[in-house]
Amino acid sequence: MSFQLDVSKIADCLRGAAKAEILPRFRKLGNGDVRSKSEPTDLVTEADVAAERYIRNELSTLLPQALFVGEESAAADPALLGRLADSELAVVVDPVDGTFNFASGIPAFGVMASVVWRGETVAGIIYDPMGDDWLIAEKGAGAFLRRPNGEAVRLRVAAPAPLEAMVGMASAGYFFGEMRERVMCNLAKVRMVANYRCAAHEYRTFASGHVHFIMYNKLMPWDHLAGALLVQEAGGYVARFDDAPYLPSHVEGGLLVSTDKDSWQMLRREILEM
């Protein structure tokens, strides 16, 4: 790469945004501080907007040559998504992932960022404001839990398990029609399924070795790029439903994440197919 990537500074930036703009608003939002975007459960708060502005301003100094793609920026200018595929360098940010939880006063939300270099994710960060720690991955260098005191713990995904013993997470909100019915019925084959309504914490849970799969049918880069890289660097297998690689430019195709390729193929056969 022909640029200097200091992931720790990006991580500090996410933490700074949380402390300055997100946590002071937690459980203190007024009636005018929350509004819907595409549907009643698709929310944006003043914390999302302020945190994204904070991160964008900081990153304009750290990586001035990078295209900035934030969730709220893309909502205001959808053309940003199209620029991501052809950009030499981009930073993709979700200022508050789990906005529904945040707006509801539920302490399960995160701040995510990924660095994309020539169409490939090369770094991913998920910060937990409540726990005050990060999951950080750089391509080819492993995935780590890092704490503010400098402590780092290398992450590994869970060992494979038989289908009936699997514990996983599935977001069914964007499955529709016959596919929704099929997937929901087939998930009865596994031991347990949860949904945090927060990709940040779902990816953290998976990359830390606590569940065997996660599944999504809506692909927006700010929701998945950081987590997908973390999973891969922790030893897991990530692919779209057709087993094609997941790339930053993809917004369709569904995403299935599992502990290894054999488990991934079993899950696709038993959960997604007829």
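Predicted model: local features only at pLDDT ≥ 70, side-chain atom pairs only at ≥ 80, totals over all residues.

Me: Why is K261 called partly exposed?

Reply: K261 has a relative accessible area of 38%. Buried means under 20%, exposed means over 50%, and partly exposed is what lies in between (1.4 Å probe, protein chains only). Residues are numbered from 1 along each chain as its sequence is written, and side-chain values use heavy atoms, with hydrogens and water left out.

Me: What makes K261 and D243 a salt bridge?

Reply: The rule asks for a side-chain nitrogen of Lys or Arg within 4 Å of a carboxyl oxygen of Asp or Glu. For K261 and D243 the N to O distance is 3.9 Å, so the pair meets the rule. K261 belongs to helix α9 (residues 261-272) and D243 to the loop between β13 and β14, so parts that are 18 residues apart in sequence are tied together. D243 is also partly exposed, at a relative accessible area of 23%.

Me: How many salt bridges does the rule give?

Reply: The count comes to twelve. Among them is the pair of R35 and E46, whose side chains meet at 3.2 Å, N to O. R35 sits in strand β1 and E46 in helix α2, so the bridge ties together parts eleven residues apart in sequence. A word on the names: helices (H or I, at least four residues) and strands (E, at least two) are DSSP runs, numbered from the N terminus. R35 is partly exposed at 41%, and E46 is partly exposed at 28%.

Me: How do you know that E120 and K139 qualify as a salt bridge?

Reply: Their closest N and O atoms are 3.4 Å apart, which is within the 4 Å of the rule, so the pair counts. This pair links distant parts of the chain, with E120 in strand β6 and K139 in the loop between β7 and β8, 19 residues apart. With 36% relative accessible area E120 is partly exposed, and so is K139 at 45%.

Me: Let's move to the sheets. What makes β14 and β12 a pair?

Reply: Two strands pair if DSSP finds at least two bridges between them. Strand β12 (residues 213-216) is joined to β14 by four bridges, so this antiparallel pair passes the cut-off. I214 stands opposite V257 of β14. Strand β13 (residues 237-240) also pairs with β14 in the antiparallel sense over four bridges; there R240 has L255 as its bridge partner.

Me: Which way do the residues of strand β14 point?

Reply: In β14 (residues 255-258), L255 and V257 point one way and L256 and S258 the other, and all are buried.

Me: Why are β11 and β13 called edge strands?

Reply: Five strands form an open sheet with mixed pairing, in the order β11-β10-β12-β14-β13. β11 (192-194) and β13 each have a single partner strand, so one side of each is left without a neighbour in the sheet. Neighbouring strands here are turned by 15° against each other on average, direction ignored. Helix α8 (residues 221-233) packs on this sheet, touching β12, β13 and β14, and its direction makes about 140° with that of β13. Such axes are lines fitted to C-alpha atoms, for helices over the stretch in contact (heavy atoms within 4.5 Å), and angles run from 0 to 180 degrees between N-to-C directions.

Me: And what is the strand order in the sheet of seven strands?

Reply: That open sheet runs β3-β4-β5-β6-β7-β8-β9, with mixed pairing. β3 (67-70) and β9 (152-154) have a single partner strand each, so they stand at the edges. The twist averages 20° from one strand to the next. Strand β5 (residues 110-117) pairs with β6 (residues 120-128) in the antiparallel sense over seven bridges; V115 and A123 are bridge partners there. Helix α2 (residues 46-62) lies across β3, β4 (89-97) and β5, at about 150° to β4.
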